[in-house]
Amino acid sequence: MRNTEINGKEILFSRAGELVRITPCHENAVRFEAFCDCKPDSENYTLMPQDADCVIEDKGYCVFMTVGKVKIQLEQNGKVTVYSNGKPVLEEQPEMTFNDGYRHYETNGSRWSARVTFKANEGEHFYGLGHEPSGMFDLKGCSFDLRHLNTKCTIPFVYSSRGYGFLWNNPAIGSVELSNNRTRWSVGATHKIDYVVIAGNPAEVSGTLADLTGHAPVMPHWATGFWQSRLRYETQEDLLEVARRYRDEGIPLSVIICDYFHWTEQGDYKFDPQYWHDVPAMTKELHEMGTKLVVSVWPTINEKSENYWHMRDNNMLIRTAKGSDRVFPFYGWQAEIDATNPKTREFVFAKLKENYLEQGVDGLWFDEAEPEIHPEHFDNLLLHAGRGDEVGLIFPYYYTQMAYEGFKKISDDEPVTLTRCAYLGSQKYGALVWSGDVISTFESLSQQVKAGLNMSMCGVPWWNTDIGGFYDGDTQSDMFRELIVRWFQYGVFCPVMRVHGNRYRHGEKKRDVKEPSGDPNEIWGFGERNYGILKDLILLRERLRPYIEKEMAKAAKTGIPVMRPMFFDYPDDEVCYSLGEQYIFGDDIIFAPIVNEGQTEKRVYLPEGEWILTKNKKPYAAGWHNVTAEIDEFIAFVRKDSNVIDCF
């Protein structure tokens, strides 16, 4: 084909205003790059391309590359078509008449806006893109911003029911349309279009995605039990009092969390001795009770911090192209650390090590890890990795890298970092992603079930929510007391079971502190009847831990998530592509959470095989079933002959 070079396993194609490069990326994956400045580079971002065999054919009018089950066709006019298992799955759609205008670029100085458009396929379903409370399971027909926000974590990857995965390898701020008339990926500041197409069923694609972005570690035992948190434990004695009561009540407590404003100043990374007078003694007592301590860390820093001027003068903070570099008007004007800078990561982790880890703290909670900056003028942000609008999605990747690599220098144990945001590859750094400050409503619970299943398709197997939701929860209301039980039931069957929230405060605050806590958020704070129900759920989680840990080890090895959509295991069952409020948990459990107020019955679909309802051990065949669940019951099925039934 004219203007084409074939160099070993590489196809280079040149035309006016564009240089295209096609390479194998894995044994069933192909990578497409189009450089709008016609200057090829070796930038992979967080992608880890794998060498693979390929077959290249030049037909004169077009050129093909076949890599295992995937084939890409590039025509002389620039059009791309991708085939999976011999069937066309992606076909570029022209923006102009006469079958022309493939891929669109506009210059804006040193950077370009770029977009690529594909034809819509009838009957196609899409899943992935991280999490956000959209209420959507199947993303077909939707459009989304490619950016991070509190409650929205963008992982630019989708799995298609047509048997392929699409990885948009670009951390720029942009958008994606999965609409009925087209599929379009767009960014506002870049120098290339870069994507990978992976052929295969859900398990095959998930395995390849893990190879290309990193496998999650094996989750350590301490993280698989019950986590207790509230906004916030105001003093050392408050926190210890809660841990002691769990011990005295005979309830296993794996983790307790010390939330924000335990510090002296934002950016000091140390406990305030006025309220936390002997941290080593506190952690020692917790460890003797079998409980780990996780501490909240924010990426914000203010001028009063002992670290501010050193970090500012050494360019360790996110800078701005114009205006003030203190860009975060929340609890006063703050600057943000630049986690994309290796010097920043080294400096900050040294402080975390000295002031937390060496005092006995076991893990870190990276709140606001997007980072949360207002106003969101990404083009005004200057990071070590580039301008904000060009690399804005990548910040949380480096933020969790800081914790993981720092921990690994001082211990052989696998660290777990609770984080509010992630990017492609964050999982390999022990990122336990949670869905942010979601509202305490039944609608929100329904949204979270769907959001977690979409996240599970993005290579991130460690995920959880604030059980009960984060805000507007009134512990004295009947609605919330029902909600907390249903959310706890859901939490049992999540990768991590963690309760958290800022509960409505009845009465006056107890003491003068920087940020007073709301009402208690422990299981004895939601009514006497609920206490017994929630205690039993925690004890069930404890019995399930060997099963969960086996599945976590499998996730680390294969990339297959523990919590996953029904179609993952049954890709040939069309019904499973519509089931957003029931899912598979490990190899042997199907869980169908109750997500509506006052609901005590749910219609559940069982795939092929025979299943056992856990509450009464009765067998059920494949098909639709109406199943009841009173407030102290939940709906879970176990595969026949699985010994996990003994846990129930």
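Tutor: What follows is a short talk about salt bridges in this predicted model.

Student: How many salt bridges does a search of the whole structure find?

Tutor: The search finds 48 salt bridges.

Student: Okay, which residue does E285 meet in a salt bridge?

Tutor: The side chain of E285 pairs with that of R244, at 2.6 Å from N to O. E285 belongs to helix α3 (residues 279-288) and R244 to helix α2 (residues 236-248), so the pair ties together parts that are 41 residues apart in sequence.

Student: And how exposed does R244 count as?

Tutor: R244 is partly exposed, at 22% relative accessibility.

Student: Switching topic. What does R420 meet?

Tutor: R420 and E372 form a salt bridge through their side chains, 2.7 Å from N to O. R420 sits in the loop between β29 (417-419) and β30 (431-434), and E372 in the loop between β26 (363-366) and β27 (381-383), so this pair ties together parts that are 48 residues apart in sequence.

Student: Is R420 buried or exposed? And E372, buried or exposed?

Tutor: R420 counts as buried, because its relative accessibility is 1%. E372 counts as buried too, with 18%, because the cut-off for buried is under 20%.

Student: What about K550, which residue does it meet?

Tutor: K550 meets E551, with 3.0 Å from N to O between the side chains. K550 is partly exposed at 47% relative accessible area, whereas E551 is buried at 2% relative accessibility.

Student: Last one: which residues do salt bridges that share partners join into one network?

Tutor: That network holds R21, R31, E33, D41, K192 and D194.

How values were computed:
Residues are numbered from 1 along each chain as its sequence is written. This is a predicted model: local features need pLDDT of at least 70, side-chain atom pairs count only at pLDDT 80 or more; totals for chains, interfaces and linings use all residues. Side-chain values use heavy atoms; hydrogens and water are left out. A salt bridge is a side-chain nitrogen of Lys or Arg within 4 Å of a carboxyl oxygen of Asp or Glu. Helices (H or I, at least four residues) and strands (E, at least two) are DSSP runs, numbered from the N terminus. Buried means under 20% relative accessible area, exposed over 50%, partly exposed in between (1.4 Å probe, protein chains only).
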